[in-house]
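Subject: The two-chain model, with notes

Hi,

Here is the structure I promised to pass on to you. Please have a look at it first, and my notes follow below.

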Amino acid sequence: MEHRSKETLNALVFFALLLLFVFQFALGPDRERLAAALPGLLWLGFVLAGLLGLGRTFVLERENDCWDALLLAPGDKSAIYVGKLAVNVLLMLVVEVLLLVLFTFFFNVDLVGPLPALALVLALGTLGLAAVGTLFAAMTAQVRARELLFPVLLLPVQVPVLLATVKATEAVLLGEPLSAVAHWLKLLAAADVVYVAAGVLTFDFLLES
Amino acid sequence: MTRALGWLAVVGLVAGLVMGFAVAPREVTQGNVQRIMYVHVPSVWVAYVAFAVVFVASIVYLARRAEGADHVAHASAELGVLFTGLTIATGSIWGKPTWGAWWTWDARLTSVAVLFVMYLGYLLLRGMIDEPERAARYAAVLGVVAALNIPLVHFSVYWWRTLHQPPSLMKPGGSSMPRVIVWALLVNFAAFALVYLYFLARRVRLLRLEAEAAA
């Protein structure tokens with residue numbers, strides 16, 4: 001299991017690196033254009049990596065015929081959700097940190113100065129993304145065309161998180177204080193609470209036999 | 001009963017047309033184009049009602065496992081998507097002569113568009129699961145999550161488009177519309193609500209018959 005997680009992580013990091021290439025090709029060498037697009041690009045990278053990574057949350061259970069074991073697991077199924085969510089948040093954060101390092105390196109942007117503020121935005125946004133992603137991964141694990149359905153379900157629901165994180169990141173990178181984006185942070189926190197609560201409360205229903 | 005509801009809806013629609021075309025005055029600046037509002041605004045109201053029904057029916061299904069609740073949620077989601085689509089289409093027809101564009105990324109357009117794709121996803125999920133019981137269960141979970149997401153979408157899109165601090169109310173500014181326009185809107189809303197109820201009843205019945213035939 002550990003081995004497989006590492007495999008996913010490696011592939012995701014490589015994928016993130018490839019994304020950087022694509023961004024560079026799409027935008028060209030213009031520095032100002034890049035700086036203006038940076039918050040959106042960062043989150044585009046996180047979300048695309050998230051769609052790939054989160055979608056694989058239950059891939060082990062499915063491939064090894066362990067789905068029934070999940071269904072039969074005694075006690076509160078929400079514990080499974082919380083566990084999977086924790087792993088996903090961790091995985092996403094690792095990928096995001098690496099992507100940030102790559103951005104700093106390849107695009108010569110200063111992400112160190114606004115790092116503390118950025119870390120808060122990152123943590124809040126990642127929790128929201130992973131909370132819904134984990135729930136929907138369980139939902140689509142046993143469905144036809146899951147790799148298609150998963151992003152189609154997740155992206156519209158994530159609109160508030162995406163808008164909030166991109167706007168907050170934009171402000172933070174411009175050196176504005178966190179108080180200037182307090183309403184976005186509150187929205188993210190509210191979204192996190194709603195999504196995690198919904199996940200914990202409804203996960204049981206997805207794992208009935 | 002359903003048939004009576006259907007005829008009532010027809011009467012309501014005729015009354016709505018009369019109100020919209022004959023009773024309501026021609027708007028001074030926009031001209032007759034403004035009359036599309038009597039279709040546009042009631043559509044979006046009914047769409048919100050439809051999604052609220054999906055939410056409630058989904059919770060009822062998860063709590064009681066009543067197949068009927070699932071059928072209501074399914075039918076209401078379809079109608080919600082239909083009325084959201086109607087809202088977007090009529091809005092575009094109005095927007096082209098008024099704003100000069102079919103579409104702008106205005107806050108309210110965007111949030112309605114997000115609703116549209118969110119519930120299209122809901123219908124897609126339903127269509128992709130073959131076992132009816134599991135489709136009902138999964139769709140109910142999604143129906144709850146999607147509904148909880150509506151306020152978040154609303155506020156995020158609103159703040160995204162208006163750079164200022166948010167207003168304390170959902171909508172700024174009180175109503176300054178002439179009484180007759182308000183009445184025309186309300187009559188059309190009632191008519192559209194009747195159409196919704198009629199379609200809902202028919203669609204729920206069809207879903208029940210399909211389920212019985214499959215069983």
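In chain B, 78% of the contacts between residues at least 6 apart in sequence join residues at least 24 apart, where a contact means that two C-beta atoms, placed from the backbone, lie within 7 Å. In chain A, residues 24 or more positions apart account for 80% of the contacts with a separation of 6 or more.

A word on conventions. This is a predicted model, so local features need pLDDT of at least 70 and side-chain atom pairs count only at pLDDT 80 or more, while totals for chains, interfaces and linings use all residues. Residues are numbered from 1 along each chain as its sequence is written, and chains are lettered from A and ligands numbered from 1 in the order in which they are written.

The overall folds

Chain A has nine helices and zero strands, and chain B has six helices and zero strands. Both kinds of element are DSSP runs numbered from the N terminus: helices are H or I with at least four residues, strands are E with at least two.

The radius of gyration of chain A is 18 Å, close to the 17 Å from the globule rule for 209 residues, so chain A is as compact as a globular protein of that length. For the 215 residues of chain B, a compact globule would have a radius near 17 Å, and the value of 19 Å agrees with that. The radius is taken over C-alpha atoms, and the rule is 2.2 Å times the number of residues to the power 0.38. Along the principal axes, the C-alpha atoms of chain A fill a box of roughly 55 × 35 × 25 Å; for chain B the box is roughly 60 × 45 × 30 Å.

Buried residues make up 41% of the 209 residues in chain A and 41% of the 215 residues in chain B. Buried means 20 or more other C-beta atoms within 10 Å of the residue's own, exposed means 12 or fewer, and partly exposed is in between, with C-beta atoms placed from the backbone.

Where the chains meet

Chain B brings 27 residues to the contact and chain A brings 24. On the chain B side, the elements giving two or more residues are helix 4 (107-128) and helix 5 (132-161). Helix 5 of chain B gives the most to that side, with 16 residues. By class, the chain B side has 22 nonpolar, four polar and one charged residues. Here Ala, Val, Leu, Ile, Met, Phe, Trp, Tyr, Cys and Pro count as nonpolar, Asp, Glu, Lys and Arg as charged, and the others, Gly among them, as polar.

Not counting residues up to four places away in sequence, Val54(B) touches Ala73(B), Ser76(B), Ala77(B), Gly80(B), Gly143(B) and Ala147(B). Gly80(B) sits in helix 3 of chain B and counts as buried because it has 25 C-beta neighbours inside 10 Å. Beyond four places in sequence, the contacts of Gly80(B) are Ala47(B), Ala50(B), Phe51(B), Val54(B) and Tyr119(B).

Helix 5 of chain A (residues 78-107) has 30 residues and reaches 42 Å from its first C-alpha to its last, close to the 44 Å expected at 1.5 Å times one less than its number of residues. Its buried residues include Tyr81(A) and Leu85(A). Both are in contact with Gly199(A), which is found in helix 9 (residues 182-206) of chain A. Gly199(A) counts as buried, with 25 C-beta neighbours inside 10 Å.

Positive phi angles

Just after helix 5 of chain A, Asn108(A) takes a positive phi of about 55 degrees. Ala145(A) has a positive phi of about 50 degrees although it is not a glycine; it lies in the loop between helix 6 (115-140) and helix 7 (146-157) of chain A and counts as exposed, with 11 C-beta neighbours inside 10 Å. In chain B, Arg65(B), also not a glycine, has a positive phi of about 60 degrees. Arg65(B) is in the loop between helix 2 (37-64) and helix 3 (67-99) of chain B and is partly exposed, with 13 other C-beta atoms within 10 Å.

Best wishes
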